[in-house]
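Dear colleague,

Here is the structure that I promised to hand over. My notes follow it, and I would be glad if you read them with the coordinates open.

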Amino acid sequence: MTQITRAMIMGAGHGTRMAPLTDDKPKPLVRFMGKPLIDHALARLSAAGVDEVVVNVHAHADLLEAHLKRVPTPKIVISDERNELLDTGGGVKKARPLLGDDPIITFNSDSVWIEGRRPTLTRMMEAWDPEHMDALLMIASATNTIGEVRRGDFTMEPDGRLVRREEQSVAPFMFAGVQIVNPTLFDEGPDGAFSTNLIWDKAIERGRLFGLRMEATWMHVGTPDDLADAERFLRDL
């Protein structure tokens with residue numbers, strides 16, 4: 001197993017779809033089951049052996065930084081995007097001096113799930129194969145997701161390679177907000193804001209974008225209604 005020791009939590013977005021809960025706070029500080037979303041992410045990463053986490057900040061940056069100063073573990077490093085919001089890919093590229101060249105985990109702050117038989121991040125580290133993979137995405141089945149699934153994101157080959165959903169079609173799998181990725185790939189991205197989709201498209205062309213299907217139930221908490229549905233689901237277990 002490849003032990004991943006460094007991660008990046010994507011915390012800089014405006015959280016527009018989560019309004020009005022994000023009118024006075026950043027999305028990572030929206031509370032879910034009694035604590036901020038970002039605390040759930042940090043607990044997952046710490047339990048998986050990650051000891052340093054880079055967090056990018058932009059919207060309500062002072063509030064998020066103040067909260068993170070009170071986090072005992074893992075070690076937190078801030079990537080400051082106050083002057084310019086850079087989207088997911090641009091955010092990783094800006095943080096490259098803080099991330100090093102070894103594989104990292106990127107983690108959307110609103111990705112929460114109920115574990116299956118074994119911890120998902122451990123399974124991902126076991127499956128990570130840098131000789132054949134540029135990125136390994138945590139993949140949720142649309143049938144095992146709480147919240148909006150839309151048309152899905154990917155289909156999956158038998159060996160785990162991912163293929164994008166064709167336009168006007170429906171795909172059974174969704175990106176669940178977490179990946180292991182080679183951070184040097186982001187050096188190929190343009191200056192300024194860009195989406196991680198640009199990195200994934202190049203990985204697909206090389207046959208090096210893979211997915212690991214979750215055994216867990218993933219909760220897509222992108223809006224206040226999604227958040228309420230997920231909390232109701234957990235209380236009814």
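Trp 200 is buried, with a relative accessible area of 6%, where buried stands for under 20% relative accessible area, exposed for over 50% and partly exposed for what lies in between, computed with a 1.4 Å probe on protein chains only. This is a predicted model, in which local features need pLDDT of at least 70 and side-chain atom pairs count only at pLDDT 80 or more, while totals for chains, interfaces and linings use all residues. Residues are numbered from 1 along each chain as its sequence is written, and side-chain values use heavy atoms, with hydrogens and water left out.

The aromatic pairs come to three, if rings of Phe, Tyr and Trp (the six-membered ring of Trp) are paired when their centres lie within 6.5 Å, and planes under 30 degrees apart are called stacked, those over 60 edge-to-face and the rest tilted. The pair of Phe 107 and Trp 113 is stacked, at 5.7 Å centre to centre and with 25 degrees between the planes, and both Phe 107 and Trp 113 are buried. The rings of Phe 175 and Trp 200, by contrast, have their centres 4.8 Å apart and their planes at 75 degrees, so this pair is edge-to-face. Because Phe 175 lies in strand 12 and Trp 200 in helix 6, the pair ties together parts that are 25 residues apart in sequence; helices (H or I, at least four residues) and strands (E, at least two) are DSSP runs, numbered from the N terminus. Phe 175 is buried too, at a relative accessible area of 17%, and together with Phe 154 and Trp 200 it forms one aromatic cluster.

A pocket here is an open set of points on a 1 Å grid over the protein atoms alone, where a 1.4 Å probe fits and protein lies on both sides within 12 Å along at least five of seven lines; lining residues have an atom within 4 Å of a point. The space in the largest pocket is about 1200 Å³, a volume being the space filled by probe spheres set on the points, which are joined across faces, edges and corners. At least two lining residues come from each of helix 3 (87-94), strand 6 (104-108), strand 12 (173-181), helix 6 (197-205) and strand 14 (217-220), and strand 12 gives the most, with five. The lining divides into 11 nonpolar, 19 polar and 11 charged residues, with Ala, Val, Leu, Ile, Met, Phe, Trp, Tyr, Cys and Pro taken as nonpolar, Asp, Glu, Lys and Arg as charged, and the others, Gly among them, as polar.

For the backbone, two cis peptide bonds deserve a look. One joins Ala 19 and Pro 20, with omega about 10 degrees, and Pro 20 lies in the loop between strand 1 and strand 2. The other runs from Thr 73 to Pro 74, with omega near -5 degrees, and Pro 74 sits in the loop between helix 2 and strand 5 (75-80).

Thr 22 is likewise found in the loop between strand 1 (6-10) and strand 2 (31-32), and it is buried, with a relative accessible area of 7%. Leaving aside its neighbours within four places in sequence, Thr 22 is in contact (heavy atoms within 4.5 Å) with His 14, Gly 15, Lys 27, Val 30 and His 60. His 60 itself has a positive phi, near 50 degrees, in a residue other than glycine; it lies in the loop between strand 4 (52-57) and helix 2 and is partly exposed, at 32%. Gln 168 also has a positive phi, near 65 degrees, but this residue is exposed, with a relative accessible area of 62%.

As to the whole chain, its secondary structure comes to seven helices and 14 strands, and buried residues make up 49% of the 237 residues. Among contacts between residues at least 6 apart in sequence, 74% join residues at least 24 apart.

With best wishes
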